[in-house]
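Here are my notes for someone opening this entry for the first time. Have the model on screen as you go through the points.

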Amino acid sequence: MENRLVTVAAFLFFLLLSIGSCSEAQEHTAGAINPEDSVSVMTSYGVNTLISDSGVIKYRIVTERWDVNTVRQPSRWEFMKGIFFEQFDEQFHVQAYIQADTAWYFDHERLWKLRGRVNIRNMKGLVYTSEELFWDGIKHEFYSTVFSRVVTPERTMEGTYFRSDESMEHYLVTNSKGSFMASDMESEEPEEQTEATDSLAEEQYVRPAPEKHRKY
């Protein structure tokens, strides 16, 4: 009888011990997911596609890799292997070529950010180069706040601020230096600079000193 009581007591002791251990069990959870851990919802390779704007085909995009990431904020497309654009007019004629080593497109803001060796060439012989350029799809303009170089058949301009319409026909370069044709200095306001200033009234055009440009 005593042995049976000892057995029952031991059983109750271990039962209470196991209940106590369960009540003290700890929940193990993984750490929070950082924005850097979010992955693309779509990745495409070897892309050659047409892009429309307001129902009209405006661009051709060629890239080695295209990632679409809607998890990160702001939502974006990423072109980490470089990108090449062809820009068309309404008659589907090529108007310009655009190239960059890396690009991001923030789809909600309709804003492109081009980095690396950024190059633009239009059909009028203008060549633009820089290390960074933004392309605003709402205002339909390019702008940059880093060193930029604009070369046309008539002149060369360099500066740390650049703004232009999408056709690269009316542009503005400030904090600039460059070489000009003698005929450019005859008029007080060259035609391209006047048109650019009129269309971008919020920007103050700083006219370079004439002596800096009388170098031929």
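1. Start with a definition. A charge counts as sitting over a ring if NZ of Lys or CZ of Arg is within 6 Å of the ring centre and within 35 degrees of the ring normal. Keep in mind, too, that this is a predicted model. With that rule in hand, look at Trp104: Lys113 lies over the face of its ring, at 5.6 Å from the ring centre.

2. Now the overall layout. The chain has 2 helices and 12 strands. Of the 216 residues in the chain, 36% are buried. As for contacts between residues at least 6 apart in sequence, 37% of them join residues at least 24 apart.

3. Next, the aromatic rings. A pair of rings is described by the distance of the centres and the angle of the planes. Rings of Phe, Tyr and Trp pair if their centres lie within 6.5 Å, and the count by this rule is 14 aromatic pairs. Take Tyr105 and Trp112: the ring centres are 4.7 Å apart and the planes stand at 35°, so this pair is tilted. Both Tyr105 and Trp112 are buried.

4. A second pair worth a look is Tyr128 with Phe162. Here the centres are 4.5 Å apart and the planes are at 35°, so this pair is tilted.

5. Some of the rings gather in a group. One aromatic cluster is formed by Tyr59, Trp66, Trp77, Phe79, Phe85, Tyr105, Trp112, Trp135 and Phe142. Tyr105 and Trp112 from point 3 are among its members.

6. The largest share, 3 residues, comes from β1.

7. Where does His140 lie? His140 is in the loop between β8 and β9 (141-144). Its relative accessibility is 36%, so His140 counts as partly exposed. His140 has a positive phi of about 55° although it is not a glycine. Leaving aside neighbours within four places in sequence, His140 is in contact with Asp53, Asp165 and Glu166. With Glu166, a polar contact of 3.3 Å joins the two side chains. The C-alpha atoms of His140 and Glu166 are separated by 5.7 Å, although the residues are 26 apart along the chain.

8. Met168 is another residue to check for its backbone. Its phi is near 60°, a positive value in a residue other than glycine. Met168 lies in the loop between β11 and β12 (171-179). Is Met168 buried or exposed? Its relative accessibility is 3%, so Met168 counts as buried.

9. Back to strand β8, which also holds Ser130. Ser130 has a relative accessible area of 7%, so this residue is buried. What does its side chain reach? The backbone oxygen of Phe147 is reached at 3.0 Å, and the backbone oxygen of Glu132 lies 3.2 Å from a polar atom of the Ser130 side chain. Beyond its neighbours within four places in sequence, Ser130 is in contact with Gly116, Arg117, Val118, Ser144, Val146, Phe147 and Ser148.

10. Last, a peptide bond to inspect. The bond that joins Gln73 and Pro74 is cis, with omega at about 0°. Pro74 has its place in the loop between β2 and β3 (76-79).

Key:
Residues are numbered from 1 along each chain as its sequence is written. This is a predicted model: local features need pLDDT of at least 70, side-chain atom pairs count only at pLDDT 80 or more; totals for chains, interfaces and linings use all residues. Side-chain values use heavy atoms; hydrogens and water are left out. Rings of Phe, Tyr and Trp (its six-membered ring) pair if their centres lie within 6.5 Å; planes under 30 degrees apart count as stacked, over 60 as edge-to-face and the rest as tilted. Buried means under 20% relative accessible area, exposed over 50%, partly exposed in between (1.4 Å probe, protein chains only). Helices (H or I, at least four residues) and strands (E, at least two) are DSSP runs, numbered from the N terminus. Contact means heavy atoms within 4.5 Å. A polar contact is a pair of N or O atoms within 3.5 Å; within protein, one must be able to donate a hydrogen and the other to accept it, and residues adjacent in sequence count only if both atoms are side-chain atoms.
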